[in-house]
Amino acid sequence: MANTGKALTGDEVALHNTRESCWIIVHGNVYDVTDFLDDHPGGSKIILKYAGKDATKEYDPIHPPDAITTNLKPEKHLGPVDLATVEKVEEIITNEERARQARLAARPLLSEILNFHDFEAIARVVMPEKAWAYYSSAADDEITNRENHAAFHRIWFRPRILRDVTVVDWSTTILGHKSSMPLYITATALGKLGHPDGELNLTRAAAKHGVIQMIPTLASCSFDEIVDAAAPGQVQFFQLYVNKDREITKRIVEHAEKRGIKGLFITVDAPQLGRREKDMRQKFEAEDPSEVKQAGQGGVDRSQGAARAISSFIDPGLNWSDMQFFKSITKMPLILKGVQCWEDALEAYDMGLAGVVLSNHGGRQLDFARSGIEVLVEVVVNLKEKRGLSFPNEQFQLFIDGGVRRATDVIKAVALGATAVGVGRPFLYAFSSYGQEGVEKALRILHDEFEMNMRLLGARNIKEIVPDMVDASNIHLHTVPVPSDNLYESNYERLQGARIKETKSNL
């Protein structure tokens, strides 16, 4: 059916409510998704649940705003619907959801939250299970995910004494832009899974506290929505997943630069998604086995859960020669996000890039990849040896991310040569449990921790946090005993194996 320019009615859409003819409404527009059912990474059941109905509420939290228009051919865009004629979808509140809402109402006061671990503990019990699985999941056995945090425990301080630390200043500059502390809010996808305002919670809190937000390619909010929410003069970076279609990539990059983005962080560690089994298990449990059999969908790969649903466009062919392409289309500083060895950091420096993020994608890609803080040590040593560089370095900046839960983690990274550190999941947990106020509280906690720990370390400013203030001699030893981190371990949710489905006895 072609779009005649006349708005469809709810009754017309409702006729198309079967597998043979499936229309849905998203944001007031009607789409024919019949041919897409078997290809939908999230399974056909969830689409068929809304066949002939308005699916906007289910669609929004787990899709970038343009996902449906990008993935469907133009002829499948059937035009607007008269929303006044559309029957409202009856919301059935399950017992599980009632219990979750009760836990949400029983949250402790925000003033009782003392650290990042507290936010995670609350988020774990108040978030929808699917959302928690997506945010917390990591690759395979989640060894790297846990190592990211544990690696900081192998670095010890060597404080200096009898220094006048009446006034301490932990502000810095990142890519030439002021930041109230040596960290930035790194890019994380699907913010609306945790809160209706999604990434806007981060934008507004970052403005109030003088930190830089990195906007993700796969945000729940649109790019322009996030930029429009920024305060005058607020600095934002952009994280880019490179599209197989370079014209699309070019359009995105040029638009970002036009809107005032100050740094382009190109993700280079995701030619294929890692296996995130917590997320995958949610996906499998959401599908109806009888529906799979009926549709003959045994060969359809939906093994990646929510992650797979939003990332099929990423180019696995991205390579070093593409850096010239990026240099030709933008004047923004180019930073590679996901570098995991000194050889690649050296290559990035030799190509004239602005820096690298030493990162393993939050432990969500290659399990047994080393932590960013460990890779930092070898990068600093080898770039000094090979190119005579010392760090921090304004011309080639080193960043790390993954596993940060305290200001002391950031201070250790700065001492070892990082310009700044990216923090992701803790801010997701903060807004998932308390909204924008949660993110602001998290930033105040960091400010307090920076002030205290810099005084105790004997550093009056960022420049005085030097390599001699830490002992990282054990950083490469992966079996060295470290003290238990009870708060972190109590929040970690162990992976579950396959289980026998419960059956009711007829006796």
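Which residue in S11 stands opposite isoleucine 266? Select isoleucine 266 and leucine 336: leucine 336 is the residue opposite.

This is a predicted model, in which local features need pLDDT of at least 70, side-chain atom pairs count only at pLDDT 80 or more, and totals for chains, interfaces and linings use all residues. Residues are numbered from 1 along each chain as its sequence is written, and side-chain values use heavy atoms, with hydrogens and water left out.

**The barrel**

Select strand S10 (residues 264–267) and strand S11 (residues 334–339); they run parallel and are joined by four bridges. Strands here are DSSP runs of E with at least two residues, helices are runs of H or I with at least four residues, and both are numbered from the N terminus. Two strands pair if DSSP finds at least two bridges between them.

Now extend the selection to S7-S8-S9-S10-S11-S12-S13-S14, a closed barrel of eight strands with parallel pairing. Neighbouring strands of this sheet are turned by 30 degrees against each other on average, direction ignored. For such angles, axes are lines fitted to C-alpha atoms, for helices over the stretch in contact, and the angles run from 0 to 180 degrees between N-to-C directions.

Contact means heavy atoms within 4.5 Å.

**Aromatic rings**

Next, show tyrosine 184 and phenylalanine 399. Their rings form an edge-to-face pair, 5.8 Å centre to centre with 85 degrees between the planes. Rings of Phe, Tyr and Trp (its six-membered ring) pair if their centres lie within 6.5 Å; planes under 30 degrees apart count as stacked, over 60 as edge-to-face and the rest as tilted. Tyrosine 184 belongs to strand S7 (residues 183–185) and phenylalanine 399 to strand S13, so the pair ties together parts 215 residues apart in sequence. Both tyrosine 184 and phenylalanine 399 are buried (under 20% relative accessible area; exposed is over 50%, partly exposed in between, with a 1.4 Å probe and protein chains only).

The whole structure holds 11 aromatic pairs.

**Threonine 217**

Go to the loop between strand S8 (212–215) and helix H10 (223–228), where threonine 217 is found. Its side chain reaches the backbone oxygen of glutamine 239 at 2.6 Å. A polar atom of the threonine 217 side chain also lies 3.0 Å from the backbone nitrogen of tyrosine 241. Leaving out residues up to four places away in sequence, threonine 217 touches Phe238, Gln239, Leu240, Tyr241 and Phe313.

**Helix H9**

Select helix H9 (residues 200–209): seven of its 10 residues are buried, so the helix is largely enclosed by the rest of the structure. Among the buried residues are Leu200, Asn201 and His209. The buried residues of H9 pack against S7, S8, H10, strand S9 (236–240) and helix H19 (425–457). Just after H9, glycine 210 takes a positive phi of about 70 degrees.

**The open sheet**

Finish at S1-S2-S3, an open sheet of three strands with antiparallel pairing. Strand S1 (23–26) and strand S3 (77–80) stand at the edges with a single partner strand each, so one side of each has no neighbour in the sheet. Four bridges join S1 to strand S2 (residues 29–32), and isoleucine 24 stands opposite tyrosine 31 in S2.

Key: Polar contact = N/O pair within 3.5 Å; in protein donor to acceptor, adjacent residues only side chain to side chain.
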